[in-house]
Amino acid sequence: MATKHLHGKLSKEGIIVISMGPGHNQTDMGGKGAPLKPQESVAKMMKLIGSLKKTQSGRFWYYDGTELPW
């Protein structure tokens with residue numbers, strides 16, 4: 001709801017608001033067996049963030065560019 005609310009308020013100013021899922025990362029919480037290294041996840045998230053269009057605001061995205069349904 002926060003993403004949808006902020007999108008509604010900030011889209012008029014050209015600000016893109018999204019939620020992101022970073023994937024299952026090799027962290028203390030994710031464990032050594034997780035498929036992603038944090039560096040990989042962050043690099044893919046940054047690529048996605050850099051490619052977003054205003055029409056994609058208000059949505060939920062997975063680190064790899066897959067749009068997740070609300």
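Two strands count as paired if DSSP finds at least two bridges between them, and the strands themselves are DSSP runs of E with at least two residues, while helices are runs of H or I with at least four, both numbered from the N terminus.

Residues are numbered from 1 along each chain as its sequence is written, and side-chain values use heavy atoms, with hydrogens and water left out. Because the model is predicted, local features need pLDDT of at least 70 and side-chain atom pairs count only at pLDDT 80 or more, whereas totals for chains, interfaces and linings use all residues.

**The chain as a whole**

- The chain holds 2 helices and 3 strands, and from the N terminus on its elements run α-β-α-β-β.
- Along the principal axes, the C-alpha atoms fill a box of roughly 45 × 25 × 20 Å.
- Of the 70 residues, 20% are buried (buried means under 20% relative accessible area, exposed over 50%, and partly exposed in between, with a 1.4 Å probe and protein chains only).
- Taking contacts between residues at least 6 apart in sequence, 48% join residues at least 24 apart (contact means heavy atoms within 4.5 Å).
- There are 10 positive and 5 negative side chains, and the centres of the two sets lie 6 Å apart. Lys and Arg count as positive and Asp and Glu as negative, leaving out His and the chain ends, and each charge is placed at NZ of Lys, CZ of Arg, CG of Asp or CD of Glu.

**Inside the sheet**

- Strands of a sheet pair through backbone hydrogen bonds, either parallel or antiparallel.
- Strand 1 and strand 2 (residues 60–62) run parallel and are joined by 3 bridges.
- One of the paired residues is Gly21, whose bridge partner in strand 2 is Tyr62.

- Thr66 sits in the loop between strand 2 and strand 3, and is partly exposed at 38% relative accessible area.
- The side chain of Thr66 makes a polar contact with that of Asp64 at 2.8 Å. A polar contact is a pair of N or O atoms within 3.5 Å; within protein, one must be able to donate a hydrogen and the other to accept it, and residues adjacent in sequence count only if both atoms are side-chain atoms.
- Setting aside residues up to four places away in sequence, Thr66 touches Phe60 and Trp61.
- Thr66 and Gly21 are 45 residues apart along the chain, and their C-alpha atoms are separated by 9.8 Å.
- Glu67 belongs to strand 3 and is partly exposed, with 39% relative accessibility.
- A polar contact of 3.3 Å links the side chains of Glu67 and Arg59.
- Not counting residues up to four places away, Glu67 touches Arg59, Phe60 and Trp61.

- Ser41 is a helix 2 residue and is buried, at 1% relative accessibility.
- The side chain of Ser41 reaches the backbone oxygen of Pro22 at 2.6 Å.
- Beyond its neighbours within four places in sequence, Ser41 is in contact with Pro22, Asn25, Leu36 and Tyr63.
- Met45 also lies in helix 2 and is buried, with a relative accessible area of 16%.
- Leaving out neighbours within four places, Met45 is in contact with Met20, Pro22 and Tyr63.

- Ser57 is found in the loop between helix 2 (38–51) and strand 2, and counts as buried at 6% relative accessibility.
- The side chains of Ser57 and His7 make a polar contact at 2.8 Å.
- Apart from neighbours within four places in sequence, Ser57 is in contact with His7, Ile15, Ile16, Val17 and Ile18.
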